[in-house]
Structure formats: structure tokens, C-alpha cells
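Keep the 3D view open and find each residue as it comes up.

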Amino acid sequence: MNDALIPKDINLPAERMQTAKGLGNISEEDRIIPRLKIMQPLSPEVDEGIAKPGEFVNSIAKKSYGKVLTLTPVIWWKTRVYWQPREEGGEILCQARDAIEGTQYGLCADCDYSKWHNKESPICTAIINILGLVNNVELIATSFMKTSYATGKQLINLFNYKKVDIFNFQYEISAVQEQNDFGKFWVIKFKDLNTPVSDEIYKACSKIYDNFAKIKEKVEDVATIE
């Protein structure tokens, strides 16, 4: 049995860790792939005591990975979401799952909501999504958006520069605190470890890549976790 998501303060007897009765088989229709969330001071998980600001959390299991983890990327894609202001409900007003054409306002390139206005960032949020293995174990999607978007751009350009399957190498993902006129916040940074993955991990990632068309639809919607 994989005990990765069992809280560290819970110790089950060894014999009870050998079986997984009652789990059943989750159908592909019901399967969900979590996202990796970086905790901010006002994140619900911080209020609930699940994690501290700056820690990474599994959006489904509510498990904290701390502030540093290893990511083996498999594939990336870009999306856009235009959210209603939180004080008005925070619902999705428009969404472009391909970052090209939105559900409500048409082509993103022509939409005024996707453009900068003087020094004000676009109302519509661009998101770089990277699906990969966290700590060589769990398949999770990491969202680089808002203050972490620049990091995401650097990372995907590095993938392109290497010109090999992106799951050949591992990267260290960490949380770094920054500050602006609005206060302190945490952003995602990365370090290129230049560490080749094992043949086992490479084959596992290659299989995930080949099935991405089906897997992509199982990734939890970013709008439900931000």
C-alpha cells in the first residue's frame, strides 16, 4: 500500500499497511489528477492548519510537501481564465483551455481583457500548466500563474533549449518569498538539477505523455482551487 498521503503523525501497524481493502476501482470517468498549490498567507489550507505559507500542497489530498520538491515534467500547456472578482463571487466569466479562444469573449489575442493597460496586468489570467511527477511518486499538475508566471516561461523555454524529451531531466521547485506594495507573497522558482532520470521513471513518464489526450481532461480545474 502506498502510504504517501497518510499524515506523518499517524502510525498504522505494519500488518495493516500491507493491504488496501475497500478501495475499489476508480473509473477513468471519475479519476481526478490534483494540482500543486503554493500557499499564501490567506490560503484556506493555512487557516485550517494544514500547511504554512510558502509550502506546496496537493489540492486533493491536502498534503503538504514543504517548500522544496523535485519535479520530473512530462508535458506542458497554456490556458487562460477570467475570474469574477472574489468579492463578487469569484466565478469563471470566460475560460480558454487552449489559451487561444475563450468560452465567452472569443479569440484571446483580440480580447481587451487579455492585454496590459499601462502598468496594470491583464484581467484575464494566463496560466502555464506543467504535468509531471512530484518526488518521483505522484502525478500532479503545477500551475505557474500571476507572480509565478515568469518562472513558468523560463522553465518551458529551458525545455525547448535542451531539445530532448522533457522527462529526461529533473528540476527542483521551491517557494521564495517576495514583496511589493501590496505586501508579502510566495512565488515558485526552479533550479535545473541536470539530473537524468532512471530508465524506470523515463518509461513511466513516456507512457503518461502518450496518454496525455485522455489524462488532460482529468486534471483538476484551476478555478476550483485558487
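1. **A buried ring, F167.** F167 has 4% relative accessibility, so it counts as buried (buried is under 20% relative accessible area, exposed over 50%, partly exposed in between, with a 1.4 Å probe and protein chains only). Y209 has 41%, so Y209 counts as partly exposed.

2. **What you are looking at.** This is a predicted model: local features need pLDDT of at least 70, side-chain atom pairs count only at pLDDT 80 or more, and totals for chains, interfaces and linings use all residues. Residues are numbered from 1 along each chain as its sequence is written, and side-chain values use heavy atoms, with hydrogens and water left out.

3. **The overall picture.** The protein chain has 4 helices and 11 strands (DSSP runs numbered from the N terminus: helices are H or I with at least four residues, strands are E with at least two). Of its 226 residues, 41% count as buried. Take the contacts in the protein chain with a separation of 6 or more: residues 24 or more positions apart account for 56% of them (contact means heavy atoms within 4.5 Å).

4. **Aromatic pairs.** How many aromatic pairs does the structure hold? There are 8 (rings of Phe, Tyr and Trp, the last by its six-membered ring, pair if their centres lie within 6.5 Å; planes under 30 degrees apart count as stacked, over 60 as edge-to-face and the rest as tilted). One of them joins W77 and F212: this pair is tilted, at 5.2 Å centre to centre, with 55° between the planes. W77 is in strand β4 (residues 68–83) and F212 is in helix α4 (residues 212–215), so the pair links distant parts of the chain, 135 residues apart. Both W77 and F212 are buried.

5. **Back to F167.** F167 and Y209 also form a tilted pair, with 6.1 Å between centres and 45° between planes. F167 lies in the loop between α2 (149–162) and β10 (169–180), and Y209 in helix α3 (residues 199–210), so the pair ties together parts that are 42 residues apart in sequence.

6. Y82, Y105 and Y113 are linked into a cluster by ring pairs. Elsewhere, a charge meets a ring: K162 lies over the face of F169, 4.2 Å from the ring centre (NZ of Lys or CZ of Arg must be within 6 Å of the ring centre and within 35 degrees of the ring normal).

7. **Strand β10 and its partners.** β10 runs antiparallel to β4, and 4 bridges join them (two strands pair if DSSP finds at least two bridges between them). Here L71 stands opposite Y171 in β10. β10 also pairs with strand β11 (residues 183–196), again antiparallel, over 12 bridges. I173 faces F190 of β11 across that pairing. A hairpin of 2 residues joins β10 to β11.

8. **T195 in β11.** T195 sits in strand β11. Its 31% relative accessibility makes T195 partly exposed. T195 and Q170 are 25 residues apart in sequence, yet 5.6 Å apart in space, C-alpha to C-alpha. Set aside neighbours within four places in sequence, and T195 is in contact with N168, F169 and Q170.

9. α3 has 12 residues and spans 16 Å from its first C-alpha to its last, close to the 16 Å expected at 1.5 Å a residue (the expected span is 1.5 Å times one less than the number of residues). Which residues of α3 are buried? They are I201, C205 and I208. An α-helix has 3.6 residues a turn, so residues three or four places apart point the same way. On the other side of α3, D199, E200, K203, K207 and D210 are exposed. The buried residues of α3 pack against β4, β8 (125–134), β9 (138–145) and α4.

10. **Two positive phi values.** Most residues other than glycine have a negative phi. N136 has a positive one, near 65°. N136 is in the loop between β8 and β9, and at 36% relative accessibility N136 counts as partly exposed. K146 has a phi near 50°, also positive. K146 lies in the loop between β9 and α2, and at 54% relative accessibility K146 counts as exposed.
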